[in-house]
Amino acid sequence: LKCHATGTWWHMACLPRIDRLPHGPWISPAAEVPSSSACFDCGGARDPQGPPLLHCTACGAAAHERCLTPAAAPAGYVGWVCGVCRASLPDRPTRVLALQALLRREILLECRRLVHLHCELCSRDHERDMLVELHHFRVHKRMGALARRIFAFNATLLRECNDLLISACLAVEGDPTL
């Protein structure tokens, strides 16, 4: 939203909870709009026993409810906009198009945020899976090294047994007493 008083732009997420988008000029919470203490129409001050002056949410101009047409300021309405500020507002189709563009942008930003979050979660899952695979690889590598040592030991044992058998056979063939 664009602040009518300061001209600064605000994200909807950065603002206090807003139930609906404003139909007229919007003033940011940080804007300091000086409010007048005299009615811009009749020039009179607020009557202490009467209702308070209405202040324009865009420029801060003040007015008595009685000085305005009933349609311009319904009783208890806090979002009143004076005629000067109302004249500077864009027409309704332009506001609707601007609102649609703003909503599309907010939806796009939210989708990007969700995609980023999804990618981050997938990355963490992938990292965890890679750590599990690395652990399995290391276990299999250790098992393979152990198996190679066992096979090498068995081969050495078989060679020694074979050598003993050969020497025993030679001793039997050469011994006349047997």
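Cys-122 counts as partly exposed in this predicted model, because its relative accessibility is 36%. The closest cysteine sulfur to that of Cys-122 belongs to Cys-119, at 6.5 Å, which is too far for a bond. A disulfide would require the two sulfur atoms to lie within 2.5 Å.

A nonpolar patch on the surface is formed by Leu-114, Leu-117 and Leu-121. Together, these three leucines present about 250 Å² of accessible area. Leu-114 belongs to helix H2, which spans residues 92–174. With a relative accessibility of 43%, Leu-114 counts as partly exposed.

Gly-83 is part of helix H1, which covers residues 83–88. Is this glycine buried or exposed? Gly-83 counts as exposed, because its relative accessibility is 53% and the class begins over 50%. Between Gly-83 and Cys-56 the separation is 27 residues in sequence, while their C-alpha atoms are 9.3 Å apart in space.

The accessibility values of the residues discussed are collected below.

| Residue | Relative accessibility | Class |
|---|---|---|
| Gly-83 | 53% | exposed |
| Leu-114 | 43% | partly exposed |
| Cys-122 | 36% | partly exposed |

How values were computed. Residues numbered from 1 in each chain as written. Predicted model: local features only at pLDDT ≥ 70, side-chain atom pairs only at ≥ 80, totals over all residues. Heavy atoms only, no water. Helix = DSSP H or I, 4+ residues; strand = E, 2+ residues; numbered from the N terminus. Buried < 20%, exposed > 50% of the residue type's maximum accessible area, 1.4 Å probe, protein only. Patch = residues over 30% accessible without salt bridge, like charges linked within 9 Å, V, L, I, M, F, W, Y side chains within 5 Å. Areas by Shrake-Rupley, 256 points an atom, 1.4 Å probe, with all protein chains shown as cover. Salt bridge = Lys/Arg side-chain N within 4 Å of Asp/Glu carboxyl O.
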